[in-house]
Amino acid sequence: MIGVGRAKQNLNVVDRPLGKGKSEVSLSAFAFLFSELVQYNQGKVENIAELEHRLEEAGFGVGIRMLELLCHRDKANRRETRVLGILSFVHSTVWKSLFGKVADSLEKGTEHEDEYMISEKELLVNRFVSVPGGMGGFNCGTFVAGIVKGVLDGAGFPARVTAHFVAVEGQARPRTTILIKFAEEVVQRDARLA
Amino acid sequence: MRASLRPSDPAASPAVERVNAELFTLTYGAIVRQLLTDYEEIDEVNKQLDTMGYNIGARLVDDFLAKANITKCTDFRETADVIAKVGFKMFLNVTATVANWSSDNMECSLILDDNPLVDFVELPETCQGLSYCNILCGVLRGALEMVSMRTEVKFVKDMLRGDDAFEIRLKLLEHVPEEYPYKNDE
């Protein structure tokens with residue numbers, strides 16, 4: 001295999017073979033990096049809304065790339081066109097490759113037709129985080145909400161995506177719910193396709 | 001290059017939980033993009049990445065010492081070996097080669113063929129001066145400083161800039177004597 005390393009380096013990034021996505025790094029490495037991301041952004045903002053906005057933006061960039069990657073790798077370039085299809089893609093395929101497991105639950109909002117929720121008992125990014133009392137409802141899960149938004153947006157399903165803590169009875173730590181509210185045109189299109 | 005987890009491997013002890021490397025890679029990419037947007041000068045971005053790395057290194061060293069099954073290093077050569085074989089393996093799941101020792105044993109290179117930080121990355125024309133993985137230099141510097149070694153760390157070869165490998169130059173400046181009472185972090 002002489003010169004393999006060299007060839008890899010000379011190839012344009014899009015000509016290189018796409019890995020299987022099975023390689024891993026330590027959870028600590030990710031946790032430290034994520035903590036720097038949060039702290040760096042914390043130094044750049046005046047209030048929590050801005051901080052959440054910046055984290056969401058960072059996540060968005062990850063989301064659109066994840067969509068492209070997974071579409072090439074797992075779905076033979078096929079993209080979902082229906083709301084339920086893309087949601088289950090996020091809930092299972094995206095979650096599995098990012099966090100190694102399917103999300104705990106995917107539910108439809110009972111009050112609004114255009115709302116869906118993905119819930120996670122212990123979201124990876126919240127695992128080492130305790131939000132200081134003065135910071136109200138700040139949720140690092142906003143980063144994951146950004147990823148979800150990125151995937152949805154990239155696939156043609158613009159939506160507002162937010163992360164919330166939901167207290168669970170009998171458990172010290174709240175679970176995180178990612179609330180997805182689709183844009184009106186998405187709902188209309190889905191009704192038309194039905 | 002995929003490394004399997006063997007029980008005999010000290011860096012792959014069950015204490016080390018793992019996450020998908022792509023999440024890590026893309027998150028790092030998001031950080032670099034934010035820095036590029038926030039700072040106008042590439043040099044500033046390099047500096048900021050180094051600072052972030054330093055912060056990480058200062059905390060990461062505790063995690064490392066707690067989990068890695070190692071004893072105190074007797075000299076800088078051993079330190080470099082531990083970083084390359086155990087440290088890189090534990091955190092990034094790659095190993096580095098230690099090479100190019102200076103005659104006084106104060107300087108060496110860590111050579112990486114594989115670097116999970118740069119998957120999917122291509123430096124655009126406008127970012128040619130960017131040391132994309134500069135965070136690693138900061139991590140090494142921060143971690144070593146916590147074990148009383150003041151170092152200078154920089155990339156001398158970078159595959160993103162067309163070199164044949166990643167080469168990090170590690171230079172030991174001095175052993176800082178431990179003082180009591182220990183200083184608080186600034």
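Predicted model: local features only at pLDDT ≥ 70, side-chain atom pairs only at ≥ 80, totals over all residues.

The expected span of a helix is 1.5 Å times one less than its number of residues.

**Chain A as a whole.** Select chain A and colour it by secondary structure. Followed along the sequence, their order is α-β-α-α-α-β-β-α-β-β-α. The C-alpha atoms of chain A occupy a box of roughly 60 × 45 × 35 Å along the principal axes.

**Helix α3 of chain A.** Next, select residues 48-74 of chain A, which form helix α3. How far does this helix of 27 residues reach from its first C-alpha to its last? The distance is 37 Å, close to the expected 39 Å. While the helix is on screen, recall that an α-helix has 3.6 residues a turn, so residues three or four places apart point the same way.

Now examine what lies at either end. At the N-terminal end, show the side chain of Asn47(A), which caps α3(A). A side-chain oxygen of Asn47(A) lies 3.3 Å from the backbone nitrogen of Ala49(A). Just after α3(A), select Ala76(A), whose phi is positive, at about 50 degrees.

**Where the chains meet.** Display chain B together with chain A. Here, 41 residues of chain B are in contact with 39 residues of chain A. The two chains bury about 3800 Å² between them, and 60% of this area is on carbon and sulfur atoms. In chain B, select Val19(B), Leu23(B) and Gln34(B): these lose the most area to chain A, together 17% of what that side buries.

**Paired strands.** Select β1 of chain A, residues 24-26, and then β1(B). In which sense do these strands pair? They are antiparallel, joined over three bridges.

**Charged and polar links.** Three salt bridges are counted between chain B and chain A. To view a salt bridge, show the side chains of Arg54(A) and Asp38(B), which meet with an N to O distance of 2.5 Å. Across the interface, 16 residue pairs are in polar contact.

**The face of chain B.** Finally, colour β1 (18-20), α1 (21-38), α2 (42-67) and α3 (76-92) of chain B, each of which supplies at least two residues of the side touching chain A. The largest share, 13 residues, comes from α1(B). By type, the residues on this side of chain B divide into 22 nonpolar, seven polar and twelve charged.

Definitions and conventions: Residues numbered from 1 in each chain as written. Chains lettered and ligands numbered in written order. Heavy atoms only, no water. Helix = DSSP H or I, 4+ residues; strand = E, 2+ residues; numbered from the N terminus. Polar contact = N/O pair within 3.5 Å; in protein donor to acceptor, adjacent residues only side chain to side chain. Contact = heavy atoms within 4.5 Å. Buried area = accessible area lost by both parts, 1.4 Å probe. Salt bridge = Lys/Arg side-chain N within 4 Å of Asp/Glu carboxyl O. Nonpolar A, V, L, I, M, F, W, Y, C, P; charged D, E, K, R; others polar. Pairing = 2+ DSSP bridges.
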